[in-house]
Amino acid sequence: MNNLFIFLTVKQNVFSKLSEYFSFSFVRYAFIVAILISLCSALLGVSLVLKRYSMIGDGLSHVAFGAGAVSAVVGVAGMTLTLPVTVVTAIFLLKSGGRKKIMGDAAIAMLSAGALAMGYLLLNITNTSSSNLSGDVCTSLFGSTSILTLSRSDVNLCFVLCAAVILFFVLCYNRMFSLTFDERFAGATGINVGLYNLLTAIITATVIVVGMKLAGALLISALIIFPPMAAMRICKSYRSVILTSALISVFCAFTGLILAVLYETPVGASIVCVNLCALIFFSLLGFLKKKIRNTEI
Amino acid sequence: MPFVFKSKKISADTEKETKIHPAGAWKNYSKVRRINAEQCRNQIGNKIIDVENISLSYENKAVVNNLSFQVYQGDYFCIVGENGSGKTTLLDALLGLKKPDCGKIDLLDSLKRNDIGFLPQHTEVQRDFPATVFEIVMSGCIGRHSKGPFLSKNDRQTAFTNMEKLGITSLSSRSYRELSGGQQQRVLLARALCSATRVLMLDEPVTGLDPKAASDMYSLVHDINKKEGITIIMISHDISSVLKYASHVLCLDRSKYFFGPVENFIKYRDKACEKQYGDDALYGNSDAYKFGGTDIN
Ligand SMILES: Nc1ncnc2c1ncn2[C@@H]1O[C@H](COP(=O)(O)OP(=O)(O)OP(=O)(O)O)[C@@H](O)[C@H]1O
Ligand SMILES: [Mg+2]
């Protein structure tokens with residue numbers, strides 16, 4: 001009885017606390033942006049993971065960090081420099097990702113480490129007086145609070161970009177399936193493979209640059225990779241993988257953000273940890289499913 | 001099943017050995033056509049593919065040099081040659097996936113790229129892809145109606161018809177990654193049939209199939225060729241089936257090319273065997289070895 005009472009009061013507290021938070025516009029913005037970004041990252045992630053391009057996503061986020069450092073030093077606002085640089089790198093990486101698998105792997109690792117080192121060095125050299133350098137770097141690497149400091153125009157930009165990405169994946173669902181499953185066949189049936197790879201590269205870069213606000217440079221690739229991996233544990237059709245992955249991603253982003261707001265934990269890390277839990281949960285589910293099917297037979 | 005050379009059937013005035021030069025082969029071919037008119041009558045359609053002096057290469061490494069041949073509607077056209085002789089590369093060029101360095105490939109008689117179905121070489125398709133059989137077969141329909149982004153009822157019907165043809169209707173909601181290699185091959189053939197309204201290109205369709213499945217596959221392709229009048233272009237290492245089913249053969253071997261009707265190919269092959277050209281003795285010469293073994297039972 002006592003326990004129940006405590007539970008109820010805590011619950012009440014949580015709800016009152018949440019409704020209090022939701023009265024602030026920046027919290028609402030944060031939730032909207034988080035849901036949009038997680039939806040995009042999940043949709044994109046299915047294609048990237050199945051094409052074995054996860055490492056490219058990871059490498060790109062480091063490049064985006066480097067570009068962000070440069071634009072901070074030069075004094076360019078927002079994404080005006082980061083987005084083009086990342087897009088160009090993405091096009092370059094996805095283009096050359098064809099046959100030379102081992103070289104590509106090493107090249108991406110070098111690129112990420114190089115971009116990271118260069119970005120940090122630049123920030124350090126130019127920022128001799130400021131005391132809060134490590135805080136700045138931490139924010140752009142782990143995205144600790146930047147999601148809660150969005151302005152109205154940031155939200156609008158995010159909204160437009162994410163809507164474009166989602167529209168693309170809905171309209172090109174069949175083509176993307178064919179391309180991801182078998183690029184040569186898709187080309188033979190008259191799908192413009194080059195064009196779609198270019199679009200995928202641009203979308204990857206966009207999602208990463210926008211998503212860095214949510215989870216930071218080091219963690220954004222987790223948002224792209226975890227949901228599809230979790231979905232693939234239990235789903236056997238492409239459509240269910242896409243839908244499940246989108247649901248998992250949105251759910252995890254929402255839960256992670258609530259936890260972060262309530263317990264004042266870093267946003268990106270919380271979301272990624274919830275994603276990790278989801279992956280473990282779905283792995284267990286997949287294992288059980290297999291067991292049950294085996295015993296049935 | 002030991003095969004019998006049928007070279008005696010060819011009458012005296014075609015006795016002259018077919019020239020390696022494609023133009024010469026073509027002259028000879030038209031002669032044979034007249035002679036074997038009865039045999040060939042149902043095969044003479046319009047010229048649909050005209051390949052003229054094409055050369056193909058990868059990064060300055062020449063693969064195919066100066067090759068010419070023609071394909072007519074209703075042909076059963078086989079491409080043979082040893083590993084690495086450029087068969088797959090040639091097929092890529094026919095499919096428009098690879099640009100020839102020089103020469104040209106003409107699609108005639110209003111043949112369009114999306115009238116062509118394609119079964120890729122076995123190894124290239126992802127083996128652990130989360131997709132159902134139905135989704136994969138449906139993806140063959142994308143090229144033929146490039147109007148809207150979504151597939152229609154008509155496409156579903158096409159997919160079902162082709163699955164029925166290959167006896168995989170019962171697998172339709174199974175996951176592709178749970179199927180055996182032979183079943184996967186059937187799925188990919190059904191997909192190819194969905195996009196093949198006039199021409200079907202097959203790259204080593206029987207690799208990995210057991211003898212029964214292989215002969216089923218051959219008789220199925222034969223039926224498609226005869227009953228539906230779909231032109232077959234097949235790459236094959238199985239020389240006895242080539243001799244049994246093909247109407248025309250293109251043999252790629254290092255610098256020597258042969259192109260002509262199958263009767264001439266048999267003669268050409270006999271000659272090469274007689275001469276005991278060392279390892280130049282024509283490809284497929286291992287039959288003596290194959291049938292020379294003793295039966296343990
Ligand atoms: N993407 C590529 N880049 C560079 N070289 C290639 C590429 N693909 C094939 N080659 C080379 O071109 C030549 C022809 O290859 P191709 O795949 O056409 O042979 P193939 O006749 O289909 O052989 P197989 O019987 O083994 O299928 C080979 O020497 C191969 O090494
Ligand atoms: Mg090949």
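In this predicted model, chain A and chain B together bury about 2,700 Å², and 57% of that area lies on carbon and sulfur atoms. Three residues of chain A stand out here: A:Phe181, A:Arg184 and A:Phe185 provide 30% of the area that chain A buries against chain B, more than any other three residues. The contact draws on 27 residues from chain A and 36 residues from chain B.

Between chain A and chain B, the count of salt bridges is three. In one salt bridge, the side chain of A:Arg293 meets the side chain of B:Glu178, with 3.8 Å from N to O. This pair qualifies because a salt bridge requires a side-chain nitrogen of Lys or Arg within 4 Å of a carboxyl oxygen of Asp or Glu. Seven residue pairs are in polar contact across the interface of chain A and chain B, counting pairs with both residues at pLDDT 80 or more.

Which helices of chain A each supply at least two residues of the side that touches chain B? They are helix H7 (152-171), helix H8 (173-181), helix H9 (183-188) and helix H11 (238-263). The largest share comes from H8(A), with seven residues. Sorted by class, the side of chain A that touches chain B has 13 nonpolar residues, along with six polar and eight charged ones.

The model also holds a ligand. Ligand 1 lies between chains A and B. Around ligand 1 there are 15 residues, and the closest are B:Asn83, B:Lys87, B:Thr88, B:Thr89 and B:Gln121. By class, this shell has eight polar, five charged and two nonpolar residues.

Several side chains of chain B place polar atoms beside oxygen atoms of ligand 1. For B:Lys87, an N or O atom of the side chain is 2.7 Å from an oxygen atom of ligand 1. A polar side-chain atom of B:Lys61 lies 3.1 Å from an oxygen atom of the ligand, and for an N or O atom in the side chain of B:Glu204 the distance to a ligand oxygen is 3.3 Å. How much of ligand 1 does the protein bury? Taken alone, ligand 1 exposes 640 Å², and the protein buries 73% of that. The elements that give two or more residues to the shell around ligand 1 are strand S2 (61-72) and helix H3 (87-95) of chain B. Of the elements, H3(B) gives the most to this shell, with three residues.

Conventions
Residues are numbered from 1 along each chain as its sequence is written. Chains are lettered from A and ligands numbered from 1 in the order in which they are written. This is a predicted model: local features need pLDDT of at least 70, side-chain atom pairs count only at pLDDT 80 or more; totals for chains, interfaces and linings use all residues. Side-chain values use heavy atoms; hydrogens and water are left out. Contact means heavy atoms within 4.5 Å. Buried area is the accessible area (1.4 Å probe) that two parts lose on being put together, summed over both. A polar contact is a pair of N or O atoms within 3.5 Å; within protein, one must be able to donate a hydrogen and the other to accept it, and residues adjacent in sequence count only if both atoms are side-chain atoms. Helices (H or I, at least four residues) and strands (E, at least two) are DSSP runs, numbered from the N terminus. Ala, Val, Leu, Ile, Met, Phe, Trp, Tyr, Cys and Pro count as nonpolar, Asp, Glu, Lys and Arg as charged, and the others, Gly among them, as polar. A residue is near a molecule or strand if one of its heavy atoms lies within 4 Å of it. Accessible areas come from the Shrake-Rupley method with a 1.4 Å probe; for residues, only the protein chains shown count as cover.
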